[in-house]
Amino acid sequence: MTSLALQIPDLVAFNQRVHDRVDHWFERKWVRRSAWCAVGGLLFGSLIFVYFATGLPSSEKLLAYQPPLPTNVRGYDGNPVQTFARERRVELAYDEYPPLVVHAFVSAEDKTFFSHGGIDYPGLIGAVFDYTRKSVSGGRAKGGSTITQQVAKYLLQDDTYAISRKIREAILAFRLEDTLSKEQILELYLNSIFLGRNAYGVQAASRAYFDKDVADLTLPEAAYLAVLPKAPSNYDPVRATEKALARRNYVLREMARNGYITEDQRAAAAAAPLGTIRYGSSAKFRDQGGYFMEEVRRDLLKRFGEKAEDGPNSVYAGGLWVRTSMVPKMQDAAADALREGLSRFDGGRGWRDTGLSIDVGSDWQTQLRVAALGTGFPDWKKAVVLSKDSGSARIGLPDGSTGTLPASAAVQPVRGAGGTAFNALRPGMIIIVKQLGLDSYALRSIPEVGGGFIAEEVHTGRVLAMQGGFDVIGSSYNRATQALRQPGSAFKPVVYVTALENGMTPASIIVDAPFCVWQGAGLGNKCFRNFDGKYSGPKTMRWGVEQSRNLMTIRAASQTGMDKVVANASKLGVGNYDRYLSIALGAGDTTVLKLTNAYAILANSGRSVTPTVIDYVQDRNGKVILRSDNRCQVMEADNGGACNAAEWDGKAMPRPPSRQKQLLDAQAAYQMVHIMEGVIERGTATVLRDLDRPMFGKTGTTSGPTNVWFIGGTPEVVAGVYIGYDQPRPMGHGAQGGRVAAPIFKQFAQVAFKDLPKIPFVAPPGIRMVRVDRATGKRVFGVFPTTVDPKSSVIWEAFQPETEPRRSFRRSIELAKAQVDGESRIAARPIRRAGPAKPKSPADSSEFLQRQGGIY
């Protein structure tokens, strides 16, 4: 066998030949020094690279990068109603940007973008010379940045004027070019660059400046947007029109020089005006639901965080899509009703200074625009007093226009001081005005009294409308969810439904008479009183609720037991209270949201509902990450995906489990609702009777009075309203729930309930509808109630089984004598239940024939 012979190179000889050729060069001093300088420079450069490259995004992070996107909020019908954004941005793919826009930005910012490797070296050398010159003479040098470097600058979030930043930008630019394609880099740029008017990205800027999508931009419009990355404020279309036109025309010339447009196209575009719209007029929708949206924002912040560092689904960077339960029509109705109610109550109490002022000597328009003061009504505006003479004041408005405020339109007295409001005006004061004529305005005042309003869907708990005060701007304190106030008589249904669960009936007789409790030797007797200070003697429970009698409520609570009352208050979510009798009269604090939800539970046959403002949340890719109704998830966990079966398995359709627990006896809950229908018909809320639909409700007025309430609604929607000062104090003797709060509810209902069907409250199985005398509660035969007269002496009353009044006969003297004489006649009839009687007319009982349960 022969082995293959391998020839090994003579490395020693090769090394000797290298030394022979190189050594004589290194004998020269300048060569040695140059070599050492090169090695030192290479080492120094490596150290610089390692130092500045530390902390830069890796290639993996660059590939996975997603720009911050705002949270988009929609109403119950899917229409947009609000956005939560620090950077207003709409993300588009590169292919969605028309070539016209791409060519305009490349021509304006980086004409060699598609050919360089991240750095424009001629531009860089020019920037270095400019920096050297201006570091001596002063001033800021030109940047010389490519589009890739601008993307790197955005990713670094560093705007410092320093060489170190430019080095980091250059390193990251090379990394971007190695990791992403040119199209991907340009897509990042077009989606991220700041273009003024709080618009980040070209699509957002297209909407902000022209109210168009990028696909609809004309040549001059695209060229104008391309001038903005340098310095948007320097080319503002209003303040710097000439500079903006000159710079736009420069971009057009560059586009023509680069071959993107013809000379004729350039000339035609250069002759066109800027054509921008006024700042703030490009919203695709009107922002709605200030307090509602603020509640949504707080909920989202609690769940997902605020910034990108808090997680991928943060409110201000995650690009969430949020479906809320807000009904815009109801929200507008609630806001208008509450504002008008507050203004109506506050009217006649004098003009109140806003307490805000600005310097009218420098850019008063911007100062006024950002002033934290909400005007509430759409036709009210904030203004600043610019000057004043004896007959009028000159005022400025947020849009930069001016107007006149005549002295005759500001004659209100100053609240808490003497003189008229006009005399109190001073230059720089921020005021509220309402336009009367072309440039004439009248003075208005923000109400001092506050209040909250909630509308909730009965069967789901979804909050349909929420208003927490006059205006959320300048007053984010939500009085609908945060203000703890005493509900007064609005708490009484909790007492009475507890009594109905424990043996009492709507016809039970309760004495309306003095009631005192011994509190001990130190405190003596605690005597309760009615609102009017009078007594009415024995009356039915229904009458006591309809007329809101305190003494009857106290007796019902005492007889039932306060331990049971406060237990039900806790179950209903109203509050956790001690077992004091005064709690029965609404002495415990609660919120409008909590009490309204308790009424919704009553209307929902005692089944629990949880108030929610968010239906579901999707991430930026459309995946649902939160649902308020999680029944399908429960089913999937229990039996392997019953909600999302791939195909029919031949079995019955799956029914999601109920989300609701039975908190109260269903029959007692219906009885309470039926009693509160009488509050509307003939009680303390008769102002609502002409709404002409099945409704229930209860007013409330606390001692002072310091708070006034109304809670009530239909079988579908329950709403609650509270009025009172933020620092509780007496509102005046004329303030009562039926006079102040109920009219606010009525104004809301006239709009919100207009198109809703008139559905009666449905009784649960077992309820017996019995004709009784309204005054005595005794059973009536032979006469049917009428819907014509709400104060009819005979009414239908709801009873639980075996609790309705019985009919019996006592043996008379004549019958007794006849029996003794041997007359063959029946002395007494056995007790029996009366059968259904035929109504005199269908109209008299048509409403009740629709109910479930018996009619007796």
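Contact here means heavy atoms within 4.5 Å. I start my notebook with that, and with a reminder that helices (H or I, at least four residues) and strands (E, at least two) are DSSP runs, numbered from the N terminus.

**Ground rules**

I am reading a predicted model, where local features need pLDDT of at least 70, side-chain atom pairs count only at pLDDT 80 or more, and totals for chains, interfaces and linings use all residues. Residues are numbered from 1 along each chain as its sequence is written, and side-chain values use heavy atoms, with hydrogens and water left out.

**Entry 1: H4 and H11**

I looked up which residues meet where H4 and H11 touch. From H4 (residues 99–109) I noted Leu100, His103, Ala104, Ser107 and Ala108, and from H11 they meet Arg247, Val251, Glu254 and Met255. Helix H11 covers residues 241–257, and the two helices pack at an angle of about 105 degrees with axes 9 Å apart. For such values, axes are lines fitted to C-alpha atoms, for helices over the stretch in contact, and angles run from 0 to 180 degrees between N-to-C directions. H4 and H11 are therefore roughly perpendicular.

**Entry 2: H14 and H24**

Next I took H14 (residues 328–346) and H24 (residues 737–752), which pack at about 150 degrees with axes 8 Å apart. This pair is therefore roughly antiparallel. I also noted that the crossing is right-handed; a crossing is left-handed if the near helix is turned anticlockwise from the far one by less than a right angle, and right-handed if clockwise. The residues of H14 in this contact include Met330, Ala333, Ala337 and Phe345, and those of H24 include Val740, Ile744, Phe748 and Val751. By class I find 12 nonpolar, two polar and four charged residues in the contact. Ala, Val, Leu, Ile, Met, Phe, Trp, Tyr, Cys and Pro count as nonpolar, Asp, Glu, Lys and Arg as charged, and the others, Gly among them, as polar.

**Entry 3: the mixed sheet**

I traced an open sheet of five strands in the order E2-E1-E3-E15-E16, with mixed pairing. Two strands pair if DSSP finds at least two bridges between them. E2 (80–84) and E16 (624–627) are at the edges with a single partner strand each, so one side of each has no neighbour in the sheet. Neighbouring strands are turned by 20 degrees against each other on average, direction ignored. E15 (residues 614–618) runs antiparallel to E16, over three bridges, and Tyr616 is opposite Arg627 in E16. Helix H13 (residues 290–304) packs on this sheet, touching E1, E2, E3, E15 and E16, and its direction makes about 50 degrees with that of E2.

**Entry 4: the antiparallel sheet**

A second open sheet has five strands ordered E10-E9-E19-E18-E17, with antiparallel pairing. Its edge strands are E10 (463–467) and E17 (696–701), each pairing on one side only. Here neighbouring strands are turned by 5 degrees on average, direction ignored. I followed E9 (residues 450–457) to E19 (residues 717–724) across eight bridges, and found Glu456 opposite Val718. Helix H23 (residues 666–682) packs on the sheet, touching E17 and E18, at about 70 degrees to the direction of E17. In the loop between E17 and E18 I came to Pro705, where the peptide bond from Gly704 is cis, with omega near -10 degrees.

**Entry 5: a hairpin**

E7 (residues 430–435) and E8 (residues 441–444) pair antiparallel over four bridges. A hairpin of five residues joins E7 to E8, and Lys434 is opposite Ala442 in E8.

**Entry 6: buried or exposed?**

Nine of the 10 residues of H6 (residues 147–156) are buried, so H6 is largely enclosed by the rest of the structure. My cut-offs: buried means under 20% relative accessible area, exposed over 50%, and partly exposed in between (1.4 Å probe, protein chains only). The buried ones include Ile147, Val151, Tyr154 and Leu156. Just after H6, Gln157 has a positive phi of about 55 degrees.

I then checked Asp211, in the loop between H9 and H10. Its phi is near 55 degrees, and Asp211 is partly exposed at 35% relative accessible area. Ser548 lies in the loop between H18 and H19 and also has a positive phi of about 55 degrees. At 13% relative accessibility, Ser548 counts as buried.

Conventions: Angles under 35 degrees count as roughly parallel, over 145 as roughly antiparallel, 65 to 115 as roughly perpendicular and the rest as oblique.
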